[in-house]
Amino acid sequence: MSPSALLTVLSAGVLFLGLHIVLWRLKPSSAPRVFQFFGLAATCMLVSEIVYYILPGAKPAELFAILGIESFLVILYSLAYGSLARSVSITLLTRLYGEGKLFLEFESLLNEYLSSTRFEERVHAMHEAGLIVMSGDRITLTVKGNRAARAAQTLSHIFSDGVEGY
Amino acid sequence: MMDLFRPTCLDILAVLIGVILMDVLVLAFVRAGWLSNKPVFASLSLVAWIAMGIPILYSLMGRRASLPIQNGAFFFYGTGCLVYMEMRSVLSRGYSLRILIDLRNRGGQADVGTLKSSYGGGVGVSGLLLKRLQTLTEFRLLKMEGGRVGPLTPWGRMAAATGDRLRRLLRLEQVG
């Protein structure tokens, strides 16, 4: 790969990371914002392809390589971001981190988790995605939600032992 | 231009499909009881199939692909493998997906309290937390004895500090 192609990848990475941090800090939310995340990534990738293409001496084959490397890095970063945005394990670790070298009783940890709105946040995100309808405390599965659940059950029987969820 | 990329894209797709089929076959053997059912076995076998796919991909591309095309193909193949691994993980451990399935199993209607207490086919949120804590203990990130959780090990403190700082950086406050 040419130095200009590598520099393009590096610049796109810095641009994406910078914009991700700035945009997420400007508008904090507990929603994972998957579409915004991948939209931002796709925009940065497109910009880097255009910038490389207009550089003197650009080779079409290197456009393919740039796209490949950037796709890989975006997916790798999305896995890390997904863990940060959704991982229960990280939440537990950070909670225990606050206790220093002490321990917590499981019951108190559980009560703390149950009294938080974390579960409700997920339910609310599903409501916003049109998978369920909320009416007060009552939740009803929509047609779209039913299809998604059925598809997940089918796929999970092929690729794992069913959706354990824990 | 398409003549340059299309065969490579088809090569990548063919190898990816091959890896997925082999993985599904191994999972079917595990379910049938013909192979070890330890989770680490399934993970190692997937990694082995992915690694085996790399030389196959290069031999499929042969001499017709230039070095940048080969580099791109290698990373696209890696991307496909990461997507597949993540899909498998979500299908097995997806929290929100499980809520959706619990709701479906209850005839499509329930209240939040019932879903919380019956989460994961009856294990409840306590079962979820317990399983995650056990996994963290297996990875030696924390100590757990009876009902006592903690303290974190030095690796656990490092992981927690990193997670905490990154969440603050992105202002992800009420998550997980």
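Guide: Contact means C-beta atoms, placed from the backbone, within 7 Å. Helices (H or I, at least four residues) and strands (E, at least two) are DSSP runs, numbered from the N terminus. This is a predicted model, in which local features need pLDDT of at least 70 and side-chain atom pairs count only at pLDDT 80 or more, while totals for chains, interfaces and linings use all residues. Residues are numbered from 1 along each chain as its sequence is written, with chains lettered from A and ligands numbered from 1 in the order in which they are written.

Helix H2 (residues 34–54) of chain A packs against H3(A) at about 160°, and their axes are 11 Å apart. Axes here are lines fitted to C-alpha atoms, for helices over the stretch in contact, with angles from 0 to 180 degrees between N-to-C directions. The residues of this contact divide into 10 nonpolar, 2 polar and 2 charged. Nonpolar covers Ala, Val, Leu, Ile, Met, Phe, Trp, Tyr, Cys and Pro, charged covers Asp, Glu, Lys and Arg, and the others, Gly among them, are polar.

H3(A) also leads us to the other chain. In total, 76 residues of chain A are in contact with 75 residues of chain B. On the chain A side, H3(A) gives the most, with 16 residues. By class, that side has 46 nonpolar, 15 polar and 15 charged residues.

Strands join the chains too, where a pair of strands needs at least two bridges found by DSSP. One open sheet of 3 strands runs in the order S2(A)-S3(A)-S1(B), with antiparallel pairing. Strand S2 (132–135) of chain A and strand S1 (109–111) of chain B each have a single partner strand, so one side of each is left without a neighbour in the sheet. Neighbouring strands here are turned by 25° against each other on average, direction ignored. Strand S3 (residues 138–141) of chain A is joined to S1(B) by 3 bridges; A:Thr140 partners B:Gln109, and A:Arg138 stands opposite B:Asp111.

Another open sheet of 3 strands is ordered S1(A)-S3(B)-S2(B), again with antiparallel pairing. Its edges are strand S1 (104–105) of chain A and strand S2 (142–145) of chain B. S1(A) pairs with strand S3 (residues 148–152) of chain B over 2 bridges: A:Leu104 is opposite B:Val149, and A:Glu105 has B:Arg148 as its bridge partner. Helix H7 (residues 124–138) of chain B packs on this sheet, touching S2 and S3 of chain B, and its direction makes about 120° with that of S2(B).

Within chain B, S2(B) and S3(B) pair over 3 bridges, and B:Glu145 is partnered by B:Arg148. Their hairpin has 2 residues between the strands, and B:Gly146 takes a positive phi near 60°.

How values were computed:
Two residues are in contact if their C-beta atoms, placed from the backbone, lie within 7 Å.
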